[in-house]
Amino acid sequence: MASYLESNQERFLSELLDWLRIPSVSADPKFHADVLKAADYLKARLEEVGVENVELCQTAGNPIVYGDKIVDPSLPTVLVYGHYDVQPADPYELWTSPPFEPVIKDGNIYARGACDDKGQVYMHVKAFEMLMQDGGMPCNVKFMFEGEEEVGSSNLGIFVKANKEKLKADVILISDTGILANDVPSIEVGLRGLSYHEVEVTGPNRDLHSGLYGGAVPNPINVLCKMIASLHDENNHITIPAFYDNVDELSAEERAEMAKAPHSDEEFKKSIGLTDIYGEKGYSTLERTSIRPTLDVNGIWGGYTGEGAKTVIASKAYAKISMRLVPHQTSDEITALFQKHFESIAPSGVTVKVTPHHGGEPVVTPTDSVAYKAAADAMETTFGKRPIPTRGGGSIPIVAMFKTELGLDSVLLGFGLDSDAIHSPNEHYGVFNFLKGIETIPHFYRNYAAAMKG
C-alpha cells in the first residue's frame, strides 16, 4: 500500500485541490449551485474508484451522496460519514490567498474546507482506492456524505430514519476531528453538544438622534451588552439558573488521566496571539475546552457600522449566542433555560426575542470496543505510537443521532490539528495529515474485519 500511496500522492492532492475550488458554502443561498456541483464531483470520484450503487439522495435541502461496496453480506459493515459543505469564507480580506483558490505552501493545503471536512472526506475515497488496488476491501463499506453539516444537518436525521435498512452497519467511522500533534496521535472519544440562539433587543420604534434622545431612552446595544456581560460571573461561571444541574463531573482520577495529554499553556497562548489564558476558575485549559460547558457570543450587531460617523441610537440590537454542552446536559433543556433566563434579565423599556437555531447532544464513545481498538492499532502502525483517547471540544450532533436511530457507536478517526484554523480565515490542512489518513484508514478496515471474524 505504501508504494501505491507514494506513487499516486500528487494525483490524490490534485484531485482534492480541484474539489476545494468548488465553493460549497451551505449557509449562503448564492452558493447553492456550487454545493450541488461539489456533490456531483464527489459522486464521480466514488464511482471512479469502484464504489457501487453511488447516488445523490435528494432531501428537502442538499443531497446526500451515498455509495457502497458489499463484498460479502456475512462480513462486518462500516458506515463512513462526512460532509462536503463548508463554512462561509468571510472575511475574505483576512485570507493570505483566496479561500477557493487552494495552494500548497509550507507543507499545508490552504483553502476553505481543506480540513473541515473535504480533505478528511477525500482521505476515505483514496483509502478505498488503495485497498481495491491491494487485494480488495476486507469488509463491507457504505459511504454517506451530507451537504448540510455546517447549517445543522436538519435533513440528515429525516434521511437516516427513512433509510435504516439501507444504512444498516456494525459501526460508524467519521473523520471530522483531529489529533493532538503530528507526533502525538489521538482519538476523540467525547464531543460536546450545542445549543445555538439568535437574540434581538428592541427599544424605540425607530433609530433616534443620539443628541436629541441620548440619556433619556434605553439604548438596545448598551442593554444587550449588559445582558450578555451578566451571563458570566467573576469566575467565568455561567449564571443561568440550573445550567450546571446535570453536568457530568469527572472524578479526580479521570481528570488526572486527562492531564497526561501533552499540553503547554505557553504554546497555546503563542499560537493564537494571547498574553494570558482565560476561562472557568478551577479548570485547566484542556478541561475548559472539552469537559466543561461554555457560553460564547458568536456575533453581535446593531446601529451604524459603515464608514465614518452616524450618531444614532439604534432601534434594535442583535447577537448570536452558542453554548457547548457536556454529557447529561441536553440541548432542549439548555435551550429552554437560556430562553427563560435571557428574557427575564431584560430591563423595562425594551423587548427581547430569543430565536433558537440548531442544537445537538453531547456524546461519549466507548474505548473498549472492537472498532476503537482497530482504530488505535491502525494509528499505532502508521504513527509508531499508541494514540491517546481525548475529549473533543467541538460538536458533531449527528453522532448522538446515529446512536439513537441506528444503535451504532462511532469511531472518530480524525487527522486535523487545532492549528488548522477551521471556520477561520486561512484554514489549512497538512499534506502530512492528508496522506497519513489515507495510509491509516486501510489498516482500520483490516484490523476491524480480522477482529470481527475472530
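This is a predicted model: local features need pLDDT of at least 70, side-chain atom pairs count only at pLDDT 80 or more; totals for chains, interfaces and linings use all residues.
**Exercise 1. List the residues in contact with Tyr-445, leaving aside its neighbours within four places in sequence.**

Solution. The criterion is heavy atoms within 4.5 Å. Once the neighbours within four places are left aside, the contacts of Tyr-445 are Val-78, Val-80, His-124, Leu-131, Met-137, Pro-138, Cys-139, Val-141, Phe-143 and Leu-173.

**Exercise 2. Determine whether the radius of gyration of the protein chain agrees with that of a compact globule.**

Solution. Begin with the chain length, 454 residues. A compact globule with this number of residues would have a radius of gyration near 22 Å. The protein chain has 23 Å, so the two agree. Next, take the extent of the C-alpha trace: along its principal axes it spans about 80 × 50 × 45 Å. As for burial, 52% of the 454 residues count as buried. Finally, consider contacts with a separation of 6 or more: residues 24 or more positions apart account for 78% of them. The secondary structure of the protein chain consists of 13 helices and 18 strands.

**Exercise 3. Classify Thr-365 and Asp-332 as buried or exposed, and place each in the secondary structure.**

Solution. The cut-offs are under 20% relative accessible area for buried and over 50% for exposed. Thr-365 has 7% relative accessibility and therefore counts as buried. Thr-365 is situated in the loop between β15 (363-364) and α11 (370-383). Leaving aside neighbours within four places in sequence, Thr-365 is in contact with Glu-188, Val-189 and Ser-410. Asp-332 has 65% relative accessibility and therefore counts as exposed. Asp-332 belongs to helix α10 (residues 331-344). Between Asp-332 and Gly-359 there are 7.9 Å in space, C-alpha to C-alpha, with the two 27 residues apart in sequence.

**Exercise 4. Locate the cis peptide bond that joins Asp-90 and Pro-91, the one from Asp-116 to Asp-117, and the positive phi values of Asn-53 and Ala-242.**

Solution. The background is that most residues other than glycine have a negative phi, and most peptide bonds are trans. Asp-90 and Pro-91 are joined by a cis bond with omega about -5°; Pro-91 lies in the loop between β3 (77-83) and β4 (103-105). The bond from Asp-116 to Asp-117 is also cis, with omega near 0°, and Asp-117 lies in the loop between β5 (108-110) and α3 (118-132).

For the backbone angles, Asn-53 has a positive phi of about 55°. Asn-53 is placed in strand β1 (residues 52-57) and is exposed, its relative accessible area being 52%. Ala-242 has a phi near 70° and sits in the loop between α6 (220-229) and α7 (252-258). With a relative accessible area of 32%, Ala-242 is partly exposed.

Terms used: Residues are numbered from 1 along each chain as its sequence is written. Side-chain values use heavy atoms; hydrogens and water are left out. Helices (H or I, at least four residues) and strands (E, at least two) are DSSP runs, numbered from the N terminus. The radius of gyration is taken over C-alpha atoms; the globule rule is 2.2 Å times the number of residues to the power 0.38. Buried means under 20% relative accessible area, exposed over 50%, partly exposed in between (1.4 Å probe, protein chains only).
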